[in-house]
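Please view the sequence and the model shown here, then read on.

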Amino acid sequence: MKKRTQTKIGGSIWGIRETNERRDALKEPISLIDIPNEKEDIKRVYHKMKDIYNEILYEMKRVIAGQEKVIEQILIAIFTRNHALLEGFPGLGKTLMISTLSEIMDLDFKRIQCTPDLMPSDITGTYVVEERDGRKIFKFEKGPVFTNILLADEINRATPKTQSALLEAMQERQVSVGTSTYPLDRPFFVLATQNPIEMEGTYPLPEAQTDRFLLKILVDYPSMEEEDRIVDLYTGETIPKTKRIIGKEKLLAIQELTRKIPIANEVKEYALNIVTKTRPITDGTAKKYLDYGASPRATIGLVLAAKARALINGRNYVSKEDIREMAYPVLRHRLILNFESERKGITTDDVIGEILKEV
Amino acid sequence: MNDPIVSRLNEVKKLSWKIHAFCVILNTIIVFLAFAIILRFLGIPAIIAICPAIIYLMIDVIYRIHRTNVIRSIVIKYPSLNERLQTAYDNRNVRNIVVESLVKDVSRRMDRIWYSSFLDTKEVISRTILTVILVFIFLSINFINIEDLGFNFHGLLGRDFLDQIENLTGFDIVRDDGFQWEEEEKFESKNRVEEDTLGGESGGELPGINEGPIPGFGGGVGEGSNPDIYGEASSAKIAGEDIDMEVHPEYGGEIEIKDVEEEKVRGKFPGNLKGKSSEIPEQDPVWARELIRKYFQSLQNILEEEE
């Protein structure tokens, strides 16, 4: 057998010798446990993150067949303390997916079925007259927005006034009624769904509101095998049940951990370039197909989503692959196509794909 | 601050520069040798090749300074460090559980880095072989007289170009060994009989210039196998002007300057006459040629009178 004569780093070749500092650094590797000011629950969660994610996925698969990418993206939105908009045809399990997640995470879950006659107070809550000790007083009756996970089903069927009632709740995580302000529970997510069909009588979400959703997740039809499993799951004697994997505290720790994932300057620049290229100010794909590009909020969202993706994939750094992968759900609802591209049937995903090729 | 990463990167950086220095020197030698060979073929002194070599050296060093990225060079050799190393380096001032675990991970992976992997063995071997070959060629063309092989590289460059090189560099370009310009042909003997009779390498019948030890047998003129018994092309310099000078053997073997001095009074020569050997005859004005012709006519008359 041939003996290797190469010298490792720290050895000596061409006059480079191992320094004392270097030797000390090798002997005493940095302790991961003794980092001051690092919360214990964060440390615990970090070391078990991959297992936690796998367990969540396993439990979800007991109820949902396939749709791994959708589940991953919903979790990314939750881990980044953001909201997601799910779009897909009826009957694809969007609502089931979200309610199952709330069960797995032991979170309070509420659902609003949006209709044109839904009032803002139906979401935020309202003052009701209550009789107490013979006196009539106004009491604030909390609406469904006071929960951890709020599912706004078919959000585009609600009127703009009702939709905007969600704005403050989504952005500020508080509700103002009259002169009083009520903070919302932590964690708080709005997961809204909308159908791409039956657009008559709907109110497309205003740009300001769509921008507040970190991701727009497209729920597609399941494959034949997945559908076969769905049939087996829901035509049997028992309806599948899930168990709790993480609680609120762990979830908050994961959210904190997500923001600690480091990102290289080069990768950050890559994300910036992608978002900048969506703005139709310079010649290129954006000018050709778009009327409006993504805002700086999209850049923040893209980097955050990439961090969350890195975390759930068990990586301690963000890669360009994360950015590329998250560019679609982060940008697709933030780009406004021009008439020409709509006429040609070009979708925002097509434009994002072109931009990714350019960058 | 993540010192382990920074110190390791510094180590690799030092090593990288040593490798670059080695490659630059090797490349510069190759450039020098290549140019030296070309110049030698063209009859230009090989030392001029040091100029392109120095220019190449400077360009290569500047290019490498701007291009060298230690992290990138590590990542190319060790793809498992791709993005990890850059992230750890960019976040070297951040201290949290994730960054620290990344640093530990990167440090562990960097332990597996081999110094020798940064040296492109194939490239070094190929360049070393090329250097040896070039050295061999260079030495060979210096030992073997390439002019004997019948190459006329001067013709490719043109005389004006060589003159320019001469003026620029100050070096005398060798172009007499077998390479003769059309203008130089007039300095050759007009027929071979002349050289045979005046004496060449094998000796001649008539006394020639610097006649040999045995009178009447010639033998004193000529150098090597040069067919021109008068050696290099010559011109005379009169009053600061270079003029062509043809020496006809039938006028005799020696030019006695003393006689010329005597004739100077009759021949209306300007003062301070001096002769200068030159390799390149220059274009002379018509009046100078006429003057020379008269001079030699007078000289011939004197010689005839003496006989």
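Where in chain B is the place of B:Glu83? In this predicted model, B:Glu83 is found in the loop between α3 (70-77) and α4 (84-90) of chain B.

## Residues with positive phi

B:Glu83 is not a glycine, yet its phi is positive, at about 70°. The residue counts as buried because 21 other C-beta atoms lie within 10 Å, and the cut-off for burial is 20 or more.

In chain A, A:Glu154 also is a residue other than glycine with a positive phi, near 50°. A:Glu154 belongs to the loop that runs between β5 (149-153) and α6 (160-172) of chain A. It has 19 C-beta neighbours inside 10 Å and therefore counts as partly exposed.

## A cis peptide bond

The peptide bond between A:Arg186 and A:Pro187 is cis, with omega about -10°. A:Pro187 sits in the loop between β7 (180-183) and β8 (189-194) of chain A.

## Nonpolar cores

In soluble globular proteins, nonpolar side chains tend to be buried together. Here the largest nonpolar core contains 110 residues. Those with the most contacts inside it are A:Ile74, A:Ala84, A:Leu191, A:Leu302 and A:Ala305. Helix α12 (residues 296-312) of chain A supplies the largest share of this core, ten residues. A second, separate core has six residues, among them B:Phe32, B:Leu33, B:Ala36 and B:Ala53.

Apart from neighbours within four places in sequence, A:Leu191 is in contact with A:Ile74, A:His83, A:Ala84, A:Leu86, A:Ile98, A:Ile149 and A:Leu151.

Conventions. Residues numbered from 1 in each chain as written. Chains lettered and ligands numbered in written order. Predicted model: local features only at pLDDT ≥ 70, side-chain atom pairs only at ≥ 80, totals over all residues. Core = buried A, V, L, I, M, F, W, Y, C linked by C-beta atoms within 7 Å. Buried ≥ 20, exposed ≤ 12 C-beta atoms within 10 Å, placed from the backbone. Helix = DSSP H or I, 4+ residues; strand = E, 2+ residues; numbered from the N terminus. Contact = placed C-beta atoms within 7 Å.
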